[in-house]
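Hi everyone, thanks for making time this morning. Let's get the structure up on the screen and walk through it together.

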Amino acid sequence: NVEVSTPRVKLDFEDDLTVVPKTVDHDENQSEQASRAKENGENQSLKQRAKGICLILLAITFATAQSALIKYLKDVPTGELIMINSTVSLLLFSMILTFQGIPLTTFPLKKLVFIRVTFSVVVRIVKIWSFQNLPLGDATALIFTSPLFACLLGRIFLKEKLTLPHLMAMILGIFGIVMIAKPTFLFRGTEDAGPWYYNLVPILGAANMGFTYTVQRKIGTKVNSVVISTYMVLAGDIGGFGFHTVSRDEYIAPLCYTPRVLLVLSGVIGVAGLWALNKGLQYEKAATVSLMRNFDTVLAFLLQVAVFGQPAEALSLVGTALIMAGTLALTLSKLFDVSCGVVI
């Protein structure tokens, strides 16, 4: 018996059968990171960044104009004023929805939209209560702490990066608002500040404002901004009626022609401002939008000096310069995508 050993021949297709470790998890992580970066507004083109900044600046301008009209209509009760503004805005948004054929009931993320709408009404009522029951400086300074909450919530829930311009705009904005508003808890004043726990109400409003910005960023472009704005003014109408009922104010019908026109104009401006804000939040981070909203204080101060004849104090001018410097630095850093090498 002779054993014949035949050499094993390696077939060509054996190499193809070799098991190669899969890299699906790595690819999925990269895809998830890219999707998150896109959702947070990173890696945007110059045109997209400019569009987002312009929308937020437009929203700030409209908000200041509406505030000036509301100040002129101070004889109209607060709840009634909210109802009239919201009704005018609701009619205009309904026309936009009809002409553009945008469905009002079929959209995703209904729970997030409900949260966004509900908290926006809470913010509006809290701001009005604060301005009525606290010194104006205290209410302004505490409500405009909203960037602190927006930055914190955006970093935790949306993983939004905070850069050196964000921190600089936050610090300069806080100091600037304090110098313009001159709250009684830092500056001696003659106004009655009320019990200390009254100050918790505007702080609650600031936290809610930061939360609404974060929720809107989470919604992103998945829901049409006109749909969200429509539900917000509808909720404002209901909230204004509830506020008017609780406060037991009488209904006042303006008899003069000018107040009626200004009431309607205020609602029209509110439509433009609300649309620009919700649209801008689709392009910019919650922290960026909240910090840029500090510019409201500057425009309101300039409007009071130029239109209402309020004297300009040196401290207020310094505060205005600080807010403008912080907002300008943040705007330029966003426009040219510069983080100064510091990311938190």
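Phe144 sits in the loop between helix H5 (136-143) and H6. With a relative accessible area of 19%, Phe144 counts as buried, where buried means under 20% relative accessible area, exposed means over 50%, and partly exposed is what lies in between, with a 1.4 Å probe and protein chains only. The C-alpha atoms of Phe144 and Val178 are separated by 9.6 Å, and the two residues are 34 residues apart along the chain.

A word on what you are looking at: this is a predicted model, where local features need pLDDT of at least 70, side-chain atom pairs count only at pLDDT 80 or more, and totals for chains, interfaces and linings use all residues. Residues are numbered from 1 along each chain as its sequence is written, and side-chain values use heavy atoms, with hydrogens and water left out.

Now the overall picture. How many helices and strands are there? The protein has 13 helices and 0 strands; helices are DSSP runs of H or I with at least four residues, strands are runs of E with at least two, and the numbering starts from the N terminus. Of the 344 residues in the protein, 44% are buried.

Ser146 is found in helix H6, and at 2% relative accessibility Ser146 is buried. For His166 and Pro147, 19 residues apart along the chain, the C-alpha atoms are separated by 9.6 Å.

Then there is Pro202, which lies in helix H8. Is Pro202 buried or exposed? At 0% relative accessibility, it counts as buried. The C-alpha atoms of Pro202 and Ile143 are separated by 5.1 Å, although the residues are 59 apart along the chain.

The structure holds 1 salt bridge, meaning a side-chain nitrogen of Lys or Arg within 4 Å of a carboxyl oxygen of Asp or Glu. Which side chains meet in it? They are those of Arg217 and Glu160, at 3.4 Å from N to O. This pair links distant parts of the chain, with Arg217 in helix H8 (residues 200-219) and Glu160 in the loop between H6 and H7, 57 residues apart. Both Arg217 and Glu160 are buried.

The loop between helix H6 (146-157) and H7 is also the place of Lys159. Lys159 has a positive phi of about 60 degrees although it is not a glycine. At 42% relative accessibility, Lys159 counts as partly exposed. Leu109 lies in the loop between helix H3 (78-100) and helix H4 (110-133), and at 32% relative accessibility it is partly exposed.

On to helix packing. Two packed helices are described by the angle between their axes and the distance between the axes. Axes here are lines fitted to C-alpha atoms, for helices over the stretch in contact, and angles run from 0 to 180 degrees between N-to-C directions. Helix H7 (residues 164-181) and helix H13 (residues 314-335) pack at an angle of about 160 degrees, with their axes 7 Å apart. That makes H7 roughly antiparallel to H13, a term for angles over 145 degrees. The crossing of H7 and H13 is left-handed: the near helix is turned anticlockwise from the far one by less than a right angle.

For H2 and helix H10 (residues 257-280), the axes come within 8 Å and cross at roughly 155 degrees. H2 and H10 are therefore roughly antiparallel to each other, and H2 passes H10 in a left-handed crossing.

Last stop, the surface. Leu46 is in helix H2 (residues 46-72) and, at 46% relative accessibility, is partly exposed. Together with Leu328, Leu332 and Phe336, Leu46 forms a nonpolar surface patch with about 400 Å² of accessible area in total. Patches are made of residues with over 30% relative accessible area and no salt bridge, where like charges are joined within 9 Å and nonpolar side chains (Val, Leu, Ile, Met, Phe, Trp, Tyr) within 5 Å. The accessible areas come from the Shrake-Rupley method with a 1.4 Å probe, and for residues, only the protein chains shown count as cover.

Key. Angles under 35 degrees count as roughly parallel, over 145 as roughly antiparallel, 65 to 115 as roughly perpendicular and the rest as oblique.
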